[in-house]
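Dear colleague,

Please find below the structure that I am handing over to you.

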Amino acid sequence: MKKLFLSAAFAALTLVSCNNEGSAVNTVETMKTPQMENFDKAFKSLGDPQNRPTEEERKRNTSELSERRKALLVPASKELILSTGVTEAELTRKTGGDMSQIIVWATQIYMQKSDEIRKNIKSDK
Amino acid sequence: MIVNNYSTTYDFQGNISAHNFAGGCYPYVTSSTPAAITVPANSHTGNGQELAYKNFRDQFTGSLYPTTNWTVQLSPTTSQVRAWNHVSIAPGGVIASNVKWASSQFQMYFAGTSTPEPSFSGLIGESPDPCTGATGYISTPYGDAEWFNITTGNVDYSYLQIY
């Protein structure tokens, strides 16, 4: 049964990959680095039930993302920054460990990389 | 400004506004063409289909969901429609430098249809904000919408996320 399922899954994958031939290699989604993918996942995870804002967080007098939820974005942000060759020491020195600075820096790297990917896709066509 | 529509059931349709926060509410700039920007279901940074606006101008050439015209109010009684490339709303100009992303009036529709989910809608944005009266979090049985910022001394990113 398991084998049957696997071969069905494989057949489906083959179909999908054939359908996308030519375009599969050339989408922003497929050209992202693993660190960019994890950064995406971190933002999506803010919607997981346990990560949504609590009643108290919603009543705060600001729209700034809460410290608790910023902390959910920090590991992927650090990973993305370090993937560009920045060292841990530099990261600490430049951000002072401030979560917002880490996330903003990572976002800037993310946007720059996305732009580069989009440009590459355009020049391929 | 980033809009991530993680909902797999509903398309997002709405406008996006920015205004001055440093006293008074003007300039006040709202996307007006198209009347509603559509960010389809399951369109987010994860698959490269997010709405990302850097400023009033560059969004037109750089985003997947271009806004052609912005309505610019300089006071409660003066309103002008400006094309995306009009010099008055260019980055670094007086208007662009004195406003920040603030809110979105939106309605969710069943994906690919014009059938709305009536209660999954609202005015979401910076909160509290006396200029808009928007709420920062909207929770419905069909999904949630939230607006948040991540801010440092010189950078301010605004996010609208639909779950």
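Chain B contains two helices and 13 strands, where helices (H or I, at least four residues) and strands (E, at least two) are DSSP runs, numbered from the N terminus. This is a predicted model, in which local features need pLDDT of at least 70 and side-chain atom pairs count only at pLDDT 80 or more, while totals for chains, interfaces and linings use all residues. Residues are numbered from 1 along each chain as its sequence is written, and chains are lettered from A and ligands numbered from 1 in the order in which they are written.

The radius of gyration of chain B is 15 Å, which agrees with the value near 15 Å for a compact globule of 163 residues; the radius is taken over C-alpha atoms, and the globule rule is 2.2 Å times the number of residues to the power 0.38. Along the principal axes, the C-alpha atoms of chain B fill a box of roughly 40 × 35 × 30 Å. Of its 163 residues, 41% count as buried (20 or more other C-beta atoms within 10 Å of the residue's own; exposed means 12 or fewer, partly exposed in between; C-beta atoms are placed from the backbone). Of the contacts in chain B with a separation of 6 or more, 53% are between residues 24 or more positions apart; a contact requires C-beta atoms, placed from the backbone, to lie within 7 Å.

One residue of chain B deserves a note. Ile162(B) lies in strand 13 (residues 156-162) and is buried, with 25 other C-beta atoms within 10 Å. Its C-alpha atom is separated by 6.3 Å from that of Asn4(B), 158 residues apart along the chain. Beyond its neighbours within four places in sequence, Ile162(B) contacts Asn5(B), Tyr6(B), Ser7(B), Phe12(B), Gly143(B) and Ala145(B).

Chain A has seven helices and zero strands. Of the 125 residues of chain A, 22% count as buried. Among its contacts between residues at least 6 apart in sequence, 74% join residues at least 24 apart.

Two helix pairs in chain A were examined. The axes of helix 5 (residues 67-82) and helix 7 (residues 99-124) of chain A come within 8 Å and cross at roughly 45 degrees; axes are lines fitted to C-alpha atoms, for helices over the stretch in contact, and angles run from 0 to 180 degrees between N-to-C directions. These two helices are therefore oblique to each other (under 35 degrees is roughly parallel, over 145 roughly antiparallel, 65 to 115 roughly perpendicular, and the rest oblique). The residues of this contact comprise twelve nonpolar, two polar and three charged; Ala, Val, Leu, Ile, Met, Phe, Trp, Tyr, Cys and Pro count as nonpolar, Asp, Glu, Lys and Arg as charged, and the others, Gly among them, as polar.

Helix 3 and helix 5 of chain A pack at about 170 degrees with their axes 9 Å apart, and are therefore roughly antiparallel. Their contact has eight nonpolar, four polar and one charged residues.

Between the chains, 21 residues of chain A are in contact with 24 residues of chain B. Helix 2 (28-31), helix 3 (34-45) and helix 7 of chain A each supply at least two residues of the side of chain A that touches chain B, and helix 7 gives the most, with five. That side has seven nonpolar, seven polar and seven charged residues.

With kind regards

Note on methods:
Two residues are in contact if their C-beta atoms, placed from the backbone, lie within 7 Å.
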